[in-house]
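Here are my notes on the model you sent over.

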Amino acid sequence: MNKFKALVSVTLLLQLGACGDGSSNSGNTYTGTGSAGSLAAMTTTSGQLHILDANGNAHTFDLTTPMQPTRLNNYAWANGQTLFNYRDSHLLIGRETGVLVYRLPTEVDRDLGRVVPQFTGRIDHIRAYDPVIAVDNIAYFTTRDGDPEQLTRQDQMSAADISEYIEYVPLTQQELNNGAVEVPPEARLLANYSELPEPYGLGYLNEVLYICDGHEGLTQFTVEPIPGVDQDQLAEGEFSMQFVRHPLSEQWPCSDVIATEEGLILTSAEGVAQLQIGPEGLQILSLLPAR
Amino acid sequence: MLQSPRHFWLGMAVGLLGLLFYANFRQTEILFDLIPAYGWLKFTPEPFVLPIWLSEWIPSFLHVIGMSLFSAGFFGTSGKRYWQIPISWLLIDLVFEVMQAGGAQGLLSHGHFEWVDLLAMVAGAGVSIRLLKPLTSVESEESAPRHAPMAAATALGVGAFMMLGSYVQEDTTALATDQCTYPDESVTICAIEPIYLDWELWRAAPLLSFSAENANQTTQPFIDQGAEISEYHGLENPGRIYSYQGLLLIVSQLKGVYLFDNRDRANPTYLGFLNLLGTADVAVSEGYLYVTAFTDVLVINLNDLTQVERNSDLLPYPYPDLWIPEGTLFANLIDGVDDEYERTSIDQSRGVVIGYRNKLGDEFFFWDLAL
């Protein structure tokens, strides 16, 4: 009985606390940005808005006047599918034939009037659909064949080291005129996984990769070095890392996932579920079912 | 008969190149698909995806060059012909291009008007002039053609054939007989009519509605001032999600955005709904909520919900080609006399296409379909 009373009291106090937060937030000041799923086709970077239209072409807008985005440029890449803001320094575009990396304008660039994202390089892979995210200079992306029932060559998950892209600064016209030679950055594929039949949206938190699969729902992976493989002496096509799957106790359908310190938010045709990441695994907090 | 076989065969080669291009790179269905042998020219099961800036101008470019070479094969390149021929084809192609811009409906003007096409044609003419310019004085002494009428007829025929390749097929009998399967599993003819969302109606529709049950200090004033009320009845077509400082935004595909107070994740509370047909994505930055819907970008200041700005026509018109069932084509269903249906093209001035109607009278809206 005492424990129960204590529990009720704590719960009440917490709710009051929440109410308290609400009232103190009535002068709510929203700042900064939030978290989007990996399937987003729109993203904001420092002072800019990037949108992929229905044809997959990217449009960049200036947000100096936040209520009235003004067009800066658009890029006719066919079939760009998703956008990802990497640390406000680079824009990753997931498209059918690969991932494009664009360098966002820095303060110095803006002062010099260079406000348009600069193309840095691309990672090619087999033609498929793919969202991409990046953490700590490693890009994670999935590709799928569109059929959750079939596992084909196109259903893949990959991790690629993109540090060369991030460090790369495109040469200016003057440098080129002076005879400087472009050395395009290259991606180093670190790991590959091809056993999920329809890998889709993905999220990353605290060295854990959450992948939504169209057939198996939410899955959990870590990327670890392959024991016994010498990183400096890799054979052709050999990977230094591998995806290690950590089975979950329950199945949660999802097409995309947002992973933050507060937990996971999954979205699927069946609704929006929120999960808590605990020491004992994932536990469902709430579910908003679809009609 | 052929004044210059070399040019003639070069023209044929360019024509073949054009056909290969259409077979493997063009995504919209074209007249050539009617030819059974055309399938042999396709190397991949699906067209290669070229950047739009590339795929739009190649046909125009090749057409001027091909036809110029072809004509030169018959007429020769003597005298001023080496530039008269390319200029003539440039003018002919320009007329077709301008007709497209006029928005006239029907077979000949179905493609989209593009400035890039014009430049491509001019470039093609330039290249042709260079190609046709006689190299030596010996070549410039060729005599006049002997079979001019037949040569002209053949050239026009081939030219028209190539030009028609860039437009969607108009086969009225096929429209009346070909069967297509619709999302509700029903089967009927492939002719469908677009359902438009009028621009003004769309942009005049009320946007924010709030839950009266869960009104908080921010939303209550709006309700008091007569804002629309909407209560929560489950998520319809949940799509992309966005989490922002205790707010959970869930896109209802092509319909709007659900707004939830998510500070207690175990109990997200419905606050209201942003009603905006065409909604695809949301993002928040520095307290400003951005929503894309068809051609418009809506911006709402989350720190002052009275500040709402709709930026119209920031994005290109969304053509519904990818959302209609395989094989279906837009046509005029009402005027179908004797089972003949006239092809129609999308009339942008009438609004965005949000669905379609088939011969059975069934209406399908894109927001009900898995996208």
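This is a predicted model: local features need pLDDT of at least 70, side-chain atom pairs count only at pLDDT 80 or more; totals for chains, interfaces and linings use all residues.

Residues are numbered from 1 along each chain as its sequence is written, chains are lettered from A and ligands numbered from 1 in the order in which they are written, and side-chain values use heavy atoms, leaving out hydrogens and water.

1. Helix α3 of chain B covers residues 58–75, 18 residues in total, and spans 25 Å from first C-alpha to last, close to the expected 26 Å. (That expectation is 1.5 Å times one less than the number of residues; helices are DSSP runs of H or I with at least four residues, strands are runs of E with at least two, and both are numbered from the N terminus.) Because 17 of its 18 residues are buried, α3(B) is largely enclosed by the rest of the structure. Buried here means under 20% relative accessible area, exposed means over 50%, and partly exposed is in between, with a 1.4 Å probe and protein chains only.

2. Next, look at the surface of chain B. B:Trp83, B:Ile87 and B:Leu91 make a nonpolar patch with about 260 Å² of accessible area together. Patch members have over 30% relative accessible area and no salt bridge, with nonpolar side chains (Val, Leu, Ile, Met, Phe, Trp, Tyr) joined within 5 Å and like charges within 9 Å. A salt bridge would be a side-chain nitrogen of Lys or Arg within 4 Å of a carboxyl oxygen of Asp or Glu. B:Trp83 sits in helix α4 (residues 81–101) of chain B and is partly exposed at 35% relative accessibility. In an α-helix there are 3.6 residues a turn, so residues three or four places apart point the same way.

3. Two glutamates have backbone angles to check. A:Glu207 isn't a glycine, yet has a positive phi of about 65 degrees; it lies in the loop between β14 (199–205) and β15 (208–213) of chain A and is exposed at 61% relative accessibility. B:Glu286 also has a positive phi, about 50 degrees, and belongs to the loop between β10 (279–285) and β11 (288–293) of chain B. At 48%, B:Glu286 is partly exposed.

4. One joins A:Cys212 to A:Cys254, S to S 2.1 Å. Its S-S torsion is about -115 degrees, so this disulfide is left-handed. A:Cys212 is in strand β15 and A:Cys254 in the loop between β17 (241–245) and β18 (256–260) of chain A, so the bond ties together parts 42 residues apart in sequence. Both A:Cys212 and A:Cys254 are buried.

5. Chain B has a disulfide between B:Cys180 and B:Cys190, with the sulfurs 2.0 Å apart. The link of B:Cys180 and B:Cys190 is right-handed, with 100 degrees about the S-S bond. B:Cys180 is buried at 4% relative accessibility, and B:Cys190 is buried at 5%.

6. Finally, chain A overall: its secondary structure comes to 4 helices and 21 strands, and 46% of its 291 residues count as buried.

Conventions. Accessible areas come from the Shrake-Rupley method with a 1.4 Å probe; for residues, only the protein chains shown count as cover. A disulfide is a pair of cysteine sulfur atoms within 2.5 Å.
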